[in-house]
Amino acid sequence: MTDRCAGRTALVTGSSRGLGKAIAQRLAAEGATVALTARTLDPDPKYQGSLTETLAEITAEGGSAIAVQADLSQAEDRQRLFAEVVERIGAPDILVNNAAVTFLRPLDGFPERRVRLMMEMHVVAPLHLAQLAIPAMRERGRGWVLNVTSVGGDLPAGPPFDEFDRSAGFGIYGTVKAALNRLTKSLAAELYDDGIAVNAAAPSKPVATPGAGSLDLAKTDTEDIGLITQTALELCTGDPKVMTGRIAHTQTFLSELGWPT
């Protein structure tokens, strides 16, 4: 490791398991003090992973972290989370919006309450947390916001449409990720003069995380989780005047930087 995040604080949402946990561990290994947040604070037999487990693994490796339980679908919880993070470790230099909730089913029968929940988690919450983080970043003249997105936000090819796009039920998921990508670009443009980088990162292929498994994804042709953690590190430490406004697919992005994929 290189201590590229030494002296910086990071807030990583959805860090009890999966991509969020891996990114939080990587930032901590690079010297950041990391605020972990998710709904699952303590181990629960219904879920794989918890904040206390992530915290224990980071500290066992010599890293520095805190854990704050929060339901990011609720604006009040987002505000409470941010206030506690600021009080305990200071305003974040790095914000990683990873927390998500995903339901897959055809659009003609998609429940409205689930549409609203996915919009809240994938779009509204990342914007709200960025709004909370921007003032301190702007005052410092630097900051990094990373939104974890998906290749599912890309438009499907067709017609004709392949069997996957006709039957997989990714319509709402793709819609909210496309919205998150547009939000990323707009924030990057608006914050460019403030020295705040805003990027999005997506695995080029499914990663075999607990969440992917619960959705019956990522059984074959998967991608090593190390590619997304390296991508996240590059986007959370790069020069904000150069490395901003990127919707980075891991393999293409890392190849541009000379990393083997």
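Glu112 counts as exposed, at 51% relative accessibility, just past the cut-off of over 50% for that class. Its side chain meets that of Arg116 in a salt bridge, with 2.8 Å from N to O. Please keep in mind that this is a predicted model.

**Salt bridges**

- Side chains of opposite charge can pair when their charged atoms come close.
- A search of the whole structure turns up 13 salt bridges.
- Arg116, the partner of Glu112, is exposed as well, with a relative accessible area of 56%.
- Arg116 and Glu112 are about one helical turn apart, because they sit 4 residues from each other in helix 4.
- The side chains of Arg88 and Glu84 meet in a salt bridge of 3.1 Å, N to O.
- Arg88 is partly exposed, with a relative accessible area of 45%, and Glu84 is partly exposed too, at 26%.
- Arg88 and Glu84 belong to a network of salt bridges that also links Asp77 and Arg80.

**A link between distant parts of the chain**

- Arg142 and Asp93 join their side chains in a salt bridge of 3.1 Å, N to O.
- This pair links distant parts of the chain, as the two residues are 49 residues apart.
- Arg142 belongs to the loop between helix 4 (112-140) and strand 5, whereas Asp93 belongs to the loop between helix 3 and strand 4.

- Strand 1 is largely enclosed by the rest of the structure, because 5 of its 5 residues are buried.
- Thr9, Leu11 and Thr13 point one way from strand 1, Ala10 and Val12 point the other way, and all are buried.
- Strand 1 runs parallel to strand 4 (residues 94-97), and 3 bridges join the two.
- Within that pairing, Val12 has Val96 of strand 4 as its bridge partner.
- Strand 1 (residues 9-13) is also joined to strand 2 by 5 bridges, and these two strands run parallel.
- Leu11 stands opposite Ala35, which lies in strand 2.
- Between strand 1 and strand 2 the chain passes through helix 1 (residues 18-29), making a right-handed β-α-β crossover.

**Strand 2 and strand 3**

- Strand 2 (residues 33-38) has 5 of its 6 residues buried, so the strand is largely enclosed by the rest of the structure.
- Strand 2 and strand 3 (residues 64-69) run parallel, joined by 6 bridges.
- Thr33 has Ser64 in strand 3 as its bridge partner.
- To get from strand 2 to strand 3, the chain goes through helix 2 (residues 51-60), and this β-α-β crossover is right-handed.

**A buried asparagine**

- Asn147 is found in strand 5 (residues 143-148).
- Is Asn147 buried or exposed? At 2% relative accessibility, Asn147 counts as buried, because the class takes in values under 20%.
- The side chain of Asn147 makes a polar contact of 2.8 Å with the side chain of Thr184.
- Setting aside neighbours within four places in sequence, Asn147 is in contact with several residues, including Asn97, Pro126, Leu180 and Val198.
- The contacts of Asn147 also include Asn199, Ala200 and Ala201.

**What the record says**

- UniProt, in an unreviewed entry, lists residues 8-204 as "domain: Ketoreductase".
- In this model the span of residues 8-204 is 47% helix and 17% strand.
- The end C-alpha atoms of that span lie 28 Å apart.

Note on methods:
Residues numbered from 1 in each chain as written. Predicted model: local features only at pLDDT ≥ 70, side-chain atom pairs only at ≥ 80, totals over all residues. Heavy atoms only, no water. Buried < 20%, exposed > 50% of the residue type's maximum accessible area, 1.4 Å probe, protein only. Polar contact = N/O pair within 3.5 Å; in protein donor to acceptor, adjacent residues only side chain to side chain. Contact = heavy atoms within 4.5 Å. Pairing = 2+ DSSP bridges. Right-handed = clockwise from strand over helix to strand, strands pointing away. UniProt positions renumbered as here; feature names shortened; annotations may be inferred. Salt bridge = Lys/Arg side-chain N within 4 Å of Asp/Glu carboxyl O.
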